[in-house]
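User: Hi! I'm new to this one and would like a quick tour. Could you have a look with me?
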Amino acid sequence: MNVPTEHLLALASILFALGVAGFLVRRNVIIVLASVELMLNAANLCFLAGSRAWAAEGAAGGHPIQGPVFALFVILVAAAEAAIGLALIIAIYRLKRTTALDATRDLEG
Amino acid sequence: MNDYLVQLGRIAPEAVLTVLALVILTWDLVTKGRDCRRLAYGTLAGLGLVVWLLCGQWASLGETGAVSAFGMVTVDRFGTFFKLFTALALMVVVLLVLFDRRERKHGIGEYYFLLIGAAIGIFFMVSTNNLLLLMLGLELLSLASYSLAGFHKGSQRSAEASLKYIVFGGLSAGIMLYGISLLYGLTGTIDLSVMGRGGEGGYPVGLVAQFAVSPIPVAVAVVLVLAGFAYKASIVPFHFWTPDVYEGAPTPVTTFLAVASKAAGFAALLRFVGALFLVDGVQEAVHAYGARIGLLLAILSAVTMTLGNLSAMRQRSLKRLLAYSSIAHAGYVLMGLAVMTEAGFSASVFYLAAYYFMNLGAFAFLLYFEGETNSDEIDSLKGMGWRHPVVAWAMVAFLVSLAGLPPTVGFYGKLLLFYEGVDAGLGWLVFIAALNSVISLFYYFRVAKALFLTEPVERVPNRQPALTGLIVGLSVLTVVTGIFNSALQRWSGEAPRALGISDQLEEPH
């Protein structure tokens with residue numbers, strides 16, 4: 001069974017849109033960071049779909065491997081970002097006892 | 001093996017920085033954070049070595065020469081120019097950490113480690129045509145900056161600054177990566193130089209060819225990638241984080257973000273736009289398309305500078321005022337990009353160099369002032385001019401330069417930008433920029449007025465002589481490079497030549 005590339009791209013764009021919507025709508029920092037992960041995974045799916053499509057085109061002498069490698073690095077970056085983000089959330093929670101974005105309002109103007 | 005060593009030699013500055021970062025971290029561990037002054041001296045020595053290596057690299061590279069290291073790093077004068085300024089700015093930032101009276105003297109070894117880590121990220125991101133390495137450099141810079149912004153983790157303001165930074169940073173990274181993935185899907189390569197022209201035998205497909213087939217996906221992808229750069233350079237509409245992060249972060253970190261990090265974002269943006277739309281053999285084909293990107297950048301430039309200046313007018317904190325002023329300056333730099341010629345690019349590079357001097361100085365003054373009064377309100381500046389005349393006059397030099405008045409380097413930078421703008425037929429943008437300069441006069445001179453407003457009081461003994469020396473040195477540089485600007489102009493003219501931008505000017509149809 002072969003999934004057409006268009007379907008993969010459509011799924012990726014839906015994931016991306018969900019990530020953006022979650023980022024804009026949700027107020028909990030943890031959910032906001034999870035939405036960002038969703039966007040990064042949309043990019044990953046796109047990389048893999050692109051790589052597969054170029055391989056299917058018979059891109060001789062090309063490097064369809066670039067896509068999967070890029071996706072691996074994106075996963076790595078996402079993990080690093082989550083590590084720092086969660087450490088920060090713990091620091092904020094110790095100070096404020098909440099993880100809502102609205103509660104942090106010392107800097108305005 | 002020999003070839004390997006040669007390639008390694010080309011990234012010697014980056015390698016030295018990486019070793020330096022590890023040495024600093026280990027040293028801090030071994031001495032258990034009791035030795036932070038020596039760590040700073042060690043960092044300065046390492047950065048000195050990096051500057052020396054970069055000077056050698058600049059001399060050995062020809063005007064348009066570019067050598068590759070491991071097929072990923074492109075070593076050329078454009079990258080070296082920004083690396084040199086980053087290393088010098090980082091030295092000033094390390095000195096600021098050292099002179100910060102409100103900072104602890106012990107247990108801050110990670111401060112230097114994170115600063116060097118951020119610099120490594122900048123070094124790679126300004127000298128690569130490979131989108132993977134560009135993204136990794138940008139992320140390394142971002143991750144180090146998030147931690148630096150929240151360095152005072154017991155302080156609510158610092159923690160909040162860091163949180164806002166990481167949330168918006170994550171958003172822009174997600175948008176940019178999605179854009180890169182679309183570009184990869186469209187062209188089949190992640191190398192910018194191949195992406196622009198296309199490869200031999202039709203694969204990878206050049207953006208030019210793809211544009212003819214599917215213009216809308218290409219436009220979407222390019223705009224999405226621009227978002228990532230706009231975030232680093234705090235261009236509207238990705239500027240929201242700037243004032244909050246600049247205000248909440250420790251002042252030396254704010255200095256780093258406002259100067260080195262922003263310039264790196266612009267450097268990567270210049271390379272991206274240059275490689276995709278302006279190199280030889282591409283410009284003809286994407287003529288109309290490149291002009292449209294130029295128009296988009298011009299509009300962003302106008303909005304960014306106007307918003308930055310109007311918001312800066314109603315600030316009461318000097319730190320926040322400088323944050324909004326840095327948004328406005330991003331708008332000015334973007335003007336040179338919108339011109340979409342090599343001359344326009346070199347005007348942008350010159351302005352970025354000018355921006356290094358004057359903003360480093362203004363933030364050093366802010367640190368001095370915070371050390372004296374423990375506040376960053378403009379109201380508490382009153383009488384500073386009489387109590388600390390030397391630094392206050394130096395600050396006046398920075399303000400004059402930021403406002404773009406002669407005889408400073410800021411004036412000459414703006415002159416170049418305006419000239420290129422008029423030359424390219426962007427008269428309306430130059431008009432808006434000139435109007436903005438007038439608006440900016442108002443708030444910069446509000447600061448100057450506060451400095452010298454109140455009755456003369458007795459001079460107090462200078463308690464921060466080293467910092468005073470640094471500020472005076474920077475103010476002398478700001479004025480001297482303004483008057484004797486030919487050397488800096490030559491260097492900033494040579495830097496973008498390495499990008500291989502076509503000489504043909506855009507002819508509007």
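Predicted model: local features only at pLDDT ≥ 70, side-chain atom pairs only at ≥ 80, totals over all residues.

User: Where does T251(B) sit?
Analyst: T251(B) belongs to helix α12 of chain B, which covers residues 251-278.

User: And which residues does T251(B) touch?
Analyst: Leaving out residues up to four places away in sequence, T251(B) touches K319(B), F363(B), L366(B), L367(B) and E370(B). With E370(B) there is also a polar contact, side chain to side chain, at 2.6 Å.

User: Nice. Switching topic: how many residues of chain B are in contact with chain A?
Analyst: In chain B, 48 residues are in contact with 44 residues of chain A.

User: How much area do chain B and chain A bury between them?
Analyst: About 3,900 Å², with 76% of it on carbon and sulfur atoms. On the chain B side, Y178(B), Y184(B) and Y203(B) lose the most area to chain A, together 18% of what that side buries.

User: Which helix of chain B gives the most to the side that touches chain A?
Analyst: That's α7(B), with 25 residues. By residue type, the side of chain B that touches chain A divides into 25 nonpolar, 14 polar and nine charged residues.

Terms used:
Residues numbered from 1 in each chain as written. Chains lettered and ligands numbered in written order. Heavy atoms only, no water. Contact = heavy atoms within 4.5 Å. Buried area = accessible area lost by both parts, 1.4 Å probe. Helix = DSSP H or I, 4+ residues; strand = E, 2+ residues; numbered from the N terminus. Nonpolar A, V, L, I, M, F, W, Y, C, P; charged D, E, K, R; others polar. Polar contact = N/O pair within 3.5 Å; in protein donor to acceptor, adjacent residues only side chain to side chain.
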